Amino acid sequence: MVKICCIGAGYVGGPTMAVIALKCPSIEVAVVDISVARITAWNSDELPIYEPGLDDVVKQCRGKNLFFSTEVEKHVSEADIIFVSVNTPTKTRGLGAGKAADLTYWESAARMIADVSKNDKIVVEKSTVPVKTAEAIEKILTHNCKGINFQILSNPEFLAEGTAIQDLFHPDRVLIGGRDTPEGQKAIQTLKKVYAHWVPEDRIICTNLWSAELSKLAANAFLAQRISSVNAMSALCEATGADVTQVSNAVGKDSRIGPKFLNASVGFGGSCFQKDILNLVYICECNGLPEVANYWKQVIKVNDYQKSRFVNRMVSSMFNTVSGKKIAILGFAFKKDTGDTRETPAIDVCKGLLGDNAHLSIYDPQVTQEQIQRDLSMEKFDWDHPTHLQPVIPYGVKQVNVVSDAHEATKDAHGLCILTEWDEFKTLDFKRIYDNMQKPAFVFDGRNVVDASKLREIGFIVYTIGKPL
Ligand code: NAD
Ligand code: UGA
């Protein structure tokens, strides 16, 4: 039986390995992590991440050929293929701070692999890493290897949260990069065989290591660039009377452009787009390509502009002050169908409003009060560096109150703003909400989910991104 071990039981490691275990009953898969709490949750009925369809997959394989464990070294030493899916956050200090990827977690995993290995192994980069990381990992492994042969492969992950299981079941492509040597090619074939259990062969792309590493950064940069492009257009729509939904639709009908990923929003969030573009920018700068670096930097700048533009619009609409006013925040996760709040635009919007002394009443169907308080108390980029974390000093309940439904959040509020496109926000009883709010009652829709004309009929003053007022 082939044995796979995955280091890192997070948003990528957990679902990816669960699907491999489901699709490959002849392979034993162990997912290991240094976080006892995470592993305990993976072994319980309450999985550590919310992802549609995940419970079902885990239940089918857990205890059969899928195991979650904190015995990192044991499982690593027994495995034939080791996936490394640890976090690769943005550095917060030292060389490249604020841009470069922090490979501390990756390096410590690589050193541990070298330490405990007793037979030849394939080590797979699943985390998103800077191009040429495989070279560094190879050095760490071969200089500590005690005669063992390691083959490094790059196999970046393209799943999106909220649709992870479907993305893993039916990937657009699986990308495997390896060395152009007989051993490297053999390793590629071994990994290809794993995916070939359920992925059509023509969707498994094999490349050299650097192309695979760079393709991942490029894919995220292209995706984020589309959002910044449509968000930049949304500002122009508001200034001219065009409607961004109509513009996106018209533009997306061009088959060379395509209709997906053209929804204007309050800004993109999530753990990866910003981090990966900053990483790309840093690599360009290190390679003497400042013009290329500046091009990609602009994607982040437009995203930051979109978030602050939204806050400024809120404050200026509400007579230039929100001081002491109750504002309902509907949605805190970075997108619907996930409880993940990493780099969610809601953090910047809430901090902007708190800066103007607003009182926030926040509701999200999947995010806990503790998580929201932690997010609002943290410095930029600190969320993925557990060692930097200070104890959370929560905002007082008057300033930030986290509640369990949208009606409670909006009661007596001066304004409500929608920051995540949860389906339930489309069907709220807005008449009841209006009756219970202060007047004039404002709606600020950061996701274009409400029917603005119906809300205006009720009496609301409505602002939606990229639409005529
Ligand atoms: P995560 O923070 O959810 O999970 C990483 C896990 O690794 C954590 O549980 C952490 O405790 C564990 N870990 C860190 N160092 C370890 C060590 N030395 N030994 C054992 N465990 C260790 O992160 P994630 O969202 O799963 O992302 C992982 C990587 O995948 C990142 O590089 C990210 O850029 C990339 N990625 C993420 C997504 C996504 O949707 N989240 C999609 C594609 C790629
Ligand atoms: C993204 C990519 O889609 C994945 O392919 C990639 O694997 C992953 O990053 C990663 O490397 O981590 P994810 O961040 O989970 O996945 O979610 P997306 O659906 O890409 O959404 C990202 C952000 O963009 C969200 O805040 C979303 O609301 C926003 N968005 C998305 C828009 O504002 N408009 C759109 O049209 C699409």
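Which residue has a polar backbone atom 2.8 Å from an oxygen atom of ligand 2? That residue is F334, in a predicted model where local features need pLDDT of at least 70, side-chain atom pairs count only at pLDDT 80 or more, and totals for chains, interfaces and linings use all residues. Residues are numbered from 1 along each chain as its sequence is written, ligands are numbered from 1 and chains lettered from A in the order in which they are written, and side-chain values use heavy atoms, without hydrogens and water.

**Ligand 2**

- Around ligand 2 there are 20 residues (a heavy atom within 4 Å), and the closest are F158, L159, S265, C272 and R447.
- Polar contacts (pairs of N or O atoms within 3.5 Å) include a backbone N or O atom of L159 at 2.7 Å from an oxygen atom of the ligand, and a polar side-chain atom of S265 at 2.6 Å from an oxygen atom of the ligand.
- The protein covers 90% of the 710 Å² of accessible area (Shrake-Rupley method, 1.4 Å probe) that ligand 2 has on its own.
- Helix α9 (residues 209-240) gives the largest share of the shell around ligand 2, four residues.

**Strand β7**

- Strand β8 (residues 204-208) runs parallel to β7 and is joined to it by five bridges, with T207 of β8 as the bridge partner of G177.

Terms used: Pairing = 2+ DSSP bridges. Helix = DSSP H or I, 4+ residues; strand = E, 2+ residues; numbered from the N terminus. Polar contact = N/O pair within 3.5 Å; in protein donor to acceptor, adjacent residues only side chain to side chain.
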